[in-house]
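Subject: Structure for you to look at

Hello,

Please find the structure below, followed by notes on what was found in it.

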Amino acid sequence: MTERKPPGVSFESWVDKQIREATDRGDFKELPGFGKPLASLDTPYDELWWVKEKMHREGLSVLPPTLALRKQAEDAVEAAAQARSEREVRQIIGDVNEKIREAIRRPPAGPPLNLTPFDVEQVVQEWRRKSGPSGD
């Protein structure tokens with residue numbers, strides 16, 4: 001545990017001393033990126049850089065609801081193409097269609113949705129064509 005700053009010692013020199021002692025002990029050698037240049041050294045300053053980095057590391061994004069639904073619809077079509085059964089295709093497309101219908105009934109904030117529900121039978125036919133004669 002770090003000791004308290006002694007009275008009469010300036011804060012800056014106390015911090016510098018703590019850093020120097022930690023460096024001498026080798027406390028910083030095992031840190032990720034040790035000895036490598038900073039990746040963002042040449043980029044303009046952004047006061048929310050740490051939030052963006054954290055979101056990137058965690059795989060998070062914040063999209064307006066309409067854009068998030070467009071992405072969900074895109075992912076649903078890809079998932080339906082990889083489905084193992086016709087029942088699974090119908091379930092995936094049915095779920096996303098319900099979300100699309102709800103967004104059409106009550107438009108969320110953000111850019112226009114520009115989506116209509118998928119034709120389930122057409123998606124199933126496409127799945128059958130790609131997956132061959134076997135199905136559910």
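Predicted model: local features only at pLDDT ≥ 70, side-chain atom pairs only at ≥ 80, totals over all residues.

In which loop does Asn 114 lie? Asn 114 is in the loop between α4 and α5 (120-131). Helices here are DSSP runs (H or I, at least four residues; strands are E, at least two), numbered from the N terminus. Asn 114 is not a glycine, yet has a positive phi of about 55°. With a relative accessibility of 65%, Asn 114 counts as exposed (over 50%; buried is under 20% and partly exposed in between, with a 1.4 Å probe and protein chains only).

Residues are numbered from 1 along each chain as its sequence is written, and side-chain values use heavy atoms, with hydrogens and water left out.

The pLDDT is the predictor's confidence in each residue, from 0 to 100. Its mean over the chain is 87, and 95% of the residues reach 70 or more. Among the elements of the chain, α4 has the highest mean pLDDT (96) and helix α1 (residues 11-25) the lowest (85).

Helix α3 (residues 65-81) packs against helix α4 (residues 86-105) at an angle of about 165°, and their axes are 9 Å apart. α3 is therefore roughly antiparallel to α4 (over 145 degrees; under 35 is roughly parallel, 65 to 115 roughly perpendicular and the rest oblique). Axes are lines fitted to C-alpha atoms, for helices over the stretch in contact, and angles run from 0 to 180 degrees between N-to-C directions. Residues in contact (heavy atoms within 4.5 Å) include Leu 69, Gln 72 and Ala 73 in α3 and Ile 92, Val 96 and Lys 99 in α4. By class, this contact of α3 with α4 has 11 nonpolar, 1 polar and 1 charged residues (nonpolar: Ala, Val, Leu, Ile, Met, Phe, Trp, Tyr, Cys and Pro; charged: Asp, Glu, Lys and Arg; polar: the others, Gly among them).

The axes of α4 and α5 cross at roughly 145° and come within 10 Å. Among the residues that meet there are Glu 86, Arg 90 and Asn 97 in α4 and Glu 121, Trp 127 and Arg 128 in α5. The contact of α4 with α5 has 6 nonpolar, 1 polar and 4 charged residues.

Asn 97, in helix α4, counts as buried at 1% relative accessibility. Not counting residues up to four places away in sequence, Asn 97 touches Pro 117, Phe 118 and Val 120.

Regards
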